[in-house]
Amino acid sequence: MPDVQANGITIAYEDTGPADAPPVLLIMGLAAQLTLWPQDFVDRIAAGGFRVIRHDNRDVGLSTHFREAGVPDLAAMMAEIRAGRMPAVPYTLEDMAADAVVLLDALQVPKAHIVGGSLGGMIAQLVAAHHPDRVASLVPLFTTSGNRSLPPGDPDAMAALRTLPEDMSSVDSIVSHSVWLRRKIGTPGFPYDEAKLRAFLRMQVERDYDPTGPARQFAAAVVAQPRDPLLEKLAVPTLVVHGDRDPLFPIEHARHLAQVIPGAQLKVMDGMGHDLPPGHVPEMA
């Protein structure tokens with residue numbers, strides 16, 4: 001897999017489609033490698049006449065991991081925030097947004113359509129806010145502006161994100177946990193092919209598994225300030241896409257995003273949770 005040295009780290013990426021086609025940058029979410037973008041989704045976008053670039057965010061996949069920074073104490077961080085103090089973190093969402101921009105620099109891409117899912121959607125918002133000249137359009141998927149007044153996610157689903165496999169030395173245990181977590185936050189009632197899902201998730205685990213990386217990514221999200229003041233100033237075409245059954249970010253998060261970003265459009269996906277299930281891929285693409 002190709003990679004570039006950018007922003008002081010190694011960033012692994014995939015490039016699909018004609019090099020001279022309009023570029024689309026896909027930014028994945030918490031703990032998610034670039035391979036979590038469904039291949040059918042990537043292929044359909046490329047077949048539509050686009051160059052699709054996707055990368056491993058820092059601390060996941062084949063990009064640089066920050067293991068020497070240790071594992072953040074999230075409970076202590078929350079206590080500091082409640083006390084009005086800003087805890088130190090290994091890096092911020094702004095750093096992750098800068099990674100995306102320097103990747104475009106390394107690939108000599110002056111401007112791209114920016115698509116981000118979940119945590120990747122937060123990063124995409126910051127790319128658009130801080131580097132508007134690099135953004136042809138913005139597509140936040142199942143994400144949030146971080147506005148503190150918006151309704152919280154389902155407690156069970158949020159708690160599931162903080163769980164770990166029973167045996168982190170066992171690929172089978174990690175895969176089983178991943179299947180369970182996918183059921184918790186994904187599209188309810190969707191008929192997944194269990195064997196295919198397990199094979200896909202095994203591939204993810206064998207490519208990379210580092211439970212400490214997502215904790216550091218989560219810490220960056222915890223200390224992030226609400227992005228409303230930045231989003232109110234955006235002047236890029238924006239399409240907000242969200243499932244009406246998302247247990248992590250209720251649909252109000254999407255409606256708020258579409259309201260706060262000038263001229264933004266909202267597409268609600270009926271029945272979709274916090275994932276990209278195969279049955280929704282054609283319409284999503």
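Visitor: Which residues of α4 are buried?
Guide: Leu119, Gly120, Gly121, Met122, Ile123, Ala124, Gln125, Leu126, Val127 and Ala128. Buried means under 20% relative accessible area, exposed means over 50%, and partly exposed is in between, using a 1.4 Å probe and protein chains only. Keep in mind that this is a predicted model, where local features need pLDDT of at least 70, side-chain atom pairs count only at pLDDT 80 or more, and totals for chains, interfaces and linings use all residues. Residues are numbered from 1 along each chain as its sequence is written, and side-chain values use heavy atoms, with hydrogens and water left out.

Visitor: How many of the residues of α4 is that, out of how many?
Guide: 10 of 12, so α4 counts as mostly covered. Helices here are DSSP runs of H or I with at least four residues, strands are runs of E with at least two, and both are numbered from the N terminus.

Visitor: Switching to strands, which way do the side chains of β3 point?
Guide: Pro23, Leu25 and Ile27 go one way, Val24 and Leu26 go the other, and all are buried.

Visitor: What does β3 pair with, and in which sense?
Guide: With β4 (residues 51–55) it's parallel, over five bridges. β3 also pairs with β5 (residues 112–117), again in the parallel sense, over four bridges. Pairing takes at least two DSSP bridges between the strands. Isoleucine 27 stands opposite histidine 55 in β4, and leucine 25 faces isoleucine 114 in β5.

Visitor: Which strand does β1 join?
Guide: β2 (residues 9–16), running antiparallel, with four bridges. Aspartate 3 has alanine 12 as its bridge partner in β2. There are two residues between the strands of that hairpin, and asparagine 7 takes a positive phi near 55°.

Visitor: New topic: where is lysine 267 found?
Guide: In strand β8, residues 265–269. Lysine 267 counts as partly exposed because its relative accessibility is 34%.

Visitor: What does lysine 267 touch?
Guide: Leu239, Val240, Val241, His242 and Glu283, leaving out residues up to four places away in sequence. Contact means heavy atoms within 4.5 Å.
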